[in-house]
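Subject: Structure handover

Hello,

Here is the structure I promised to pass on. My notes on it follow below.

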Amino acid sequence: HWSIRDISSDNANGIWIATYAGGLNYYHPKGSIFSHITGEYGTNNTLSSNKISSMLMDKEEILWIGTEGRGLNRYDKNLGAFQHFRNPTNVGSAAFSNIKSITEADNGIFWIGSFGGLSSFDQKTGSYTNFVHKPQDTNSLSFNQIHSTLIDKSGNLWLGTNGGGLDLYDRELKIFKPFPASDDPSIPVSSNINVILESKDGKL
């Protein structure tokens, strides 16, 4: 499928390719052969959706897959087994199931950016904690559509939103600091941030 949304690698030098509507693809240079994994609606041990927007290969070589509208998938490539995790929130559940970014913290907690806001996900318990924009709270998330997440070398969690610029989340104080679009060259020039990367000298 031509619409590639994300790429990840594993310890065996294989390449995992996420596509929009084409499911999951695996390529290994040895043999130059592609493998394809697609989901079937209503089936448990497969992808919950073929519309994949993000992936994360965790420290245990488990592949986590963020779908558009069907939540989070866990794939054990050694067993060929899938598990599905849907955000159980009663408010905006469809938006939270539209996952755009997944980042793993040192403690194993996942930070997930979606169309519903930011979620922390404990893979051991399968539980979610959600964070959303609250107009009356200046310490809340600046915008609910999050397209990118990054934990920098200092442990700071950065969020790229689709309309609110850049946010910094203080995980100890549990507050958000916004960096909206500005003419200042040190601040993002756009309100829409799709990718965040960190240079070797710690610059975003």
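What share of the 204 residues of the protein chain counts as buried? The figure is 43%. Please keep in mind that this is a predicted model.

Overall build

The protein chain has 1 helix and 16 strands. Its radius of gyration is 17 Å, close to the 17 Å that the globule rule gives for 204 residues, so the chain is as compact as a globular protein of that length. Along the principal axes, the C-alpha atoms fill a box of roughly 50 × 40 × 30 Å. If we take the contacts between residues at least 6 apart in sequence, 41% of them join residues at least 24 apart.

Surface and charge

Aromatic residues

Searching the whole structure gives 16 aromatic pairs. One aromatic cluster is formed by Trp-64, Phe-85, Phe-110, Phe-121 and Tyr-128.

Gly-165 sits in the loop between β14 (157-161) and β15 (166-170). Is Gly-165 buried or exposed? With a relative accessible area of 0%, Gly-165 is buried, because the cut-off for buried is under 20%. Leaving aside residues up to four places away in sequence, Gly-165 touches Leu-159, Gly-160, Phe-179, Ser-190, Ser-191 and Ile-193. Lys-153 is 12 residues from Gly-165 along the chain, and the C-alpha atoms of the two are separated by 21 Å.

The other two loop residues have backbone angles worth a look. Most residues other than glycine have a negative phi. Asn-13 has a positive phi, near 70°. Its place is in the loop between β1 (4-9) and β2 (15-19). The relative accessible area of Asn-13 is 57%, and exposed means over 50%, so Asn-13 counts as exposed.

Lys-174 also has a positive phi, near 60°, and is found in the loop between β15 and β16 (175-179). Lys-174 is exposed, at 58% relative accessibility.

Regards

Notes
Residues are numbered from 1 along each chain as its sequence is written. This is a predicted model: local features need pLDDT of at least 70, side-chain atom pairs count only at pLDDT 80 or more; totals for chains, interfaces and linings use all residues. Side-chain values use heavy atoms; hydrogens and water are left out. Helices (H or I, at least four residues) and strands (E, at least two) are DSSP runs, numbered from the N terminus. The radius of gyration is taken over C-alpha atoms; the globule rule is 2.2 Å times the number of residues to the power 0.38. Buried means under 20% relative accessible area, exposed over 50%, partly exposed in between (1.4 Å probe, protein chains only). Contact means heavy atoms within 4.5 Å. Rings of Phe, Tyr and Trp (its six-membered ring) pair if their centres lie within 6.5 Å; planes under 30 degrees apart count as stacked, over 60 as edge-to-face and the rest as tilted.
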